[in-house]
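Okay, thanks everyone for coming.

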Amino acid sequence: MKYPIHIDEKGRYVHTWVRQSSIKTSDMCMNRLRETMFDLVSDPNNDGADLGTACHQAVEDVIMSRIEQEAEMTEYDMYDAFDYYWDEMSEEVDNWHSYGDAQTAWDNGRVKLKNWYDHVLPMIEKPVGVEVDFNKIFIEDDQRVVYLRGTVDLVEEHRLWDWKFPKANYTRDRWQYERWDVQSIAYTWALEQPNFRFGVMHNSGWGTMDLMRDESHHDWLRTKVATICEYVENNLHLEGKWLLNDNGWWCSEKWCPSWTRCKGAKPLESEE
């Protein structure tokens with residue numbers, strides 16, 4: 001078990017668990033947040049997520065070759081890098097929910113990367129860093145100190161990027177990202193850069209989404225995070241479950257690692 005919360009010398013709760021992904025987990029189910037926060041369950045390796053990671057790493061290699069002003073990787077160098085990463089990662093996949101098998105996933109990964117190379121890479125103007133980590137105090141008052149952590153896929157002089165390699169076309173839901181996307185708000189606050197862009201390489205093509213974030217977005221996220229942290233503090237003493245939410249696709253054996261410990265738990269057999 002890990003301890004993502006402690007009390008400092010002033011008696012304040014110190015939260016070190018907050019990332020954009022954990023904030024979104026709290027929206028889905030507070031009990032799922034509890035179980036992942038304290039390492040009570042571990043996420044299985046899913047083919048869609050692992051394929052996305054392999055694509056991320058290949059893209060990172062291409063951009064780093066440009067930043068380091070070496071001989072920039074070609075399209076085929078990128079494919080070689082992807083093949084290396086996917087060969088390793090596919091061996092560790094637990095669930096093939098998205099693509100069914102390693103070959104189908106590989107085929108889709110190659111197509112996604114070609115779209116990135118042909119259409120998105122030319123948009124990148126002045127890259128200065130890839131996989132840029134941050135860990136900054138987001139909230140500090142008499143009750144608590146909250147650190148916000150994360151990793152930005154690409155930092156340019158005047159824009160932040162995040163890569164997505166999903167099956168579905170996320171850009172069709174741009175209005176939802178504009179209205180409540182946590183990732184863009186968290187990252188623009190941390191890097192003090194208001195321009196954020198998603199590069200989305202999906203099964204049917206590619207697209208981008210540009211989002212502008214300002215202090216009003218950051219203030220709202222700060223308020224939201226403070227209420228989540230207060231809930232966590234008030235329920236640390238509970239040995240049972242936190243607030244449950246089964247109102248969505250995420251509450252299923254397929255998508256939640258806590259399923260068998262929660263709604264999917266088998267009832268005890270009668271002794272009769």
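Helices here are DSSP runs of H or I with at least four residues, strands are E runs of at least two, and both are numbered from the N terminus. On that count the protein has 8 helices and 7 strands. Its radius of gyration, taken over C-alpha atoms, is 20 Å, close to the 19 Å from the globule rule for 272 residues, so it's as compact as a globular protein of that length. That rule is 2.2 Å times the number of residues to the power 0.38.

One caveat: this is a predicted model, with local features needing pLDDT of at least 70, side-chain atom pairs counting only at pLDDT 80 or more, and totals for chains, interfaces and linings using all residues. Residues are numbered from 1 along each chain as its sequence is written, and side-chain values use heavy atoms, leaving out hydrogens and water.

Now, salt bridges, meaning a side-chain nitrogen of Lys or Arg within 4 Å of a carboxyl oxygen of Asp or Glu: the structure holds 17. One of them pairs lysine 114 with glutamate 75, closest N and O atoms 3.5 Å apart. That links helix H5 to helix H4, 39 residues apart. Arginine 110 and aspartate 83 also pair up, at 2.9 Å. Arginine 110 sits in helix H5 and aspartate 83 in helix H4, so this pair ties together parts 27 residues apart in sequence.

And burial? Buried is under 20% relative accessible area, exposed over 50%, partly exposed in between, with a 1.4 Å probe and protein chains only. Aspartate 83 is buried at 18%, while arginine 110 is partly exposed at 23%.
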